Amino acid sequence: MTQLDTAPVRRSPAESPTAEHSAASAIARLTTASPLGRIVVEGDGTAITRLEIERAGTLSTDDQPDVPDDLTRRTVEQLGEYFAGSRRDIDVPVRLTGTPFQRAIWEGLRAIPFGATRSYGELGRETGRATAGRAVGGAVGANPVPLIVPCHRVLASDQRITGYSAGDGVPTKVWLLDHEGITHR
């Protein structure tokens with residue numbers, strides 16, 4: 001299982017990590033091709049801190065050179081195995097910063113196994129906020145390492161796709177769900 005270092009940070013609840021902040025603090029970066037388009041992974045030397053899937057043919061790091069290290073190389077290798085169907089989860093250390101609520105939701109995402117789903121309501125109930133559907137959706141969408149922390153495995157209670165913030169949005173999520181054999185609407 002992926003290690004998740006969720007050291008608390010002081011932020012307002014409305015704040016979430018930004019690509020600019022993460023890219024500026026990354027000391028390692030590696031871009032790879034995938035069935036979803038290019039993917040860039042970034043790390044701080046000990047953990048992966050950000051994963052971005054290309055949107056409309058661009059990445060926020062397009063003007064920055066790759067500076068790989070062993071961890072970003074290992075992550076890219078595992079992503080390749082996941083896309084080839086020989087790996088079910090990406091097992092690398094990650095460091096995520098966010099609010100206590102976001103961190104609780106991200107822990108809940110980590111518990112969703114390959115080929116399974118949770119609803120937004122289930123995640124809310126698991127974190128003690130059964131009626132916080134929009135807040136749960138916001139936390140899921142703020143996940144800075146999609147695929148590694150599998151936010152694509154969250155659907156509405158009737159298995160409907162309600163959105164996806166990574167890559168090209170819903171088409172990216174459909175591809176991932178189909179890849180894992182997950183029934184959705």
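Contact here means heavy atoms within 4.5 Å. The model shown is predicted.

View 1. With a relative accessible area of 15%, Glu52 is buried, because the cut-off for buried is under 20%. Neighbours within four places in sequence are left aside here. Beyond them, Glu52 is in contact with Arg38, Ile39, Val40, Thr58, Leu59, Ser60 and Thr61. The side chain of Glu52 also makes a polar contact with the side chain of Arg50, at 3.0 Å.

**View 2. A network of salt bridges that includes Glu52.** Four residues are linked here: Arg29, Glu42, Arg50 and Glu52. Across the whole structure, the search finds 14 salt bridges.

**View 3. The salt bridge between Arg38 and Asp62.** The closest N and O atoms of Arg38 and Asp62 are 2.8 Å apart. Arg38 lies in the loop between strand 2 (28-32) and strand 3 (39-43), and Asp62 in the loop between strand 4 (48-53) and helix 2 (70-84), so the pair ties together parts that are 24 residues apart in sequence. Arg38 is partly exposed, at 28% relative accessibility. Asp62 is also partly exposed, and its relative accessible area is 40%.

**View 4. The salt bridge between Asp70 and Arg73.** Here the closest N and O atoms are 3.7 Å apart. Both residues lie in helix 2. Asp70 and Arg73 are 3 residues apart, about one turn of the helix. Asp70 has a relative accessible area of 63% and is exposed, since the cut-off for exposed is over 50%. Arg73, at 43%, is partly exposed.

**View 5. The salt bridge between Asp158 and Arg185.** The closest N and O atoms of this pair are 3.2 Å apart. Distant parts of the chain are linked, with the two residues 27 residues apart. Asp158 sits in the loop between strand 7 (154-155) and helix 6 (170-179). Arg185 sits in the segment after helix 6. Relative accessibility is 33% for Asp158, which counts as partly exposed. Arg185 is exposed, with a relative accessible area of 58%.

Technical notes: Residues numbered from 1 in each chain as written. Predicted model: local features only at pLDDT ≥ 70, side-chain atom pairs only at ≥ 80, totals over all residues. Heavy atoms only, no water. Salt bridge = Lys/Arg side-chain N within 4 Å of Asp/Glu carboxyl O. Helix = DSSP H or I, 4+ residues; strand = E, 2+ residues; numbered from the N terminus. Buried < 20%, exposed > 50% of the residue type's maximum accessible area, 1.4 Å probe, protein only. Polar contact = N/O pair within 3.5 Å; in protein donor to acceptor, adjacent residues only side chain to side chain.
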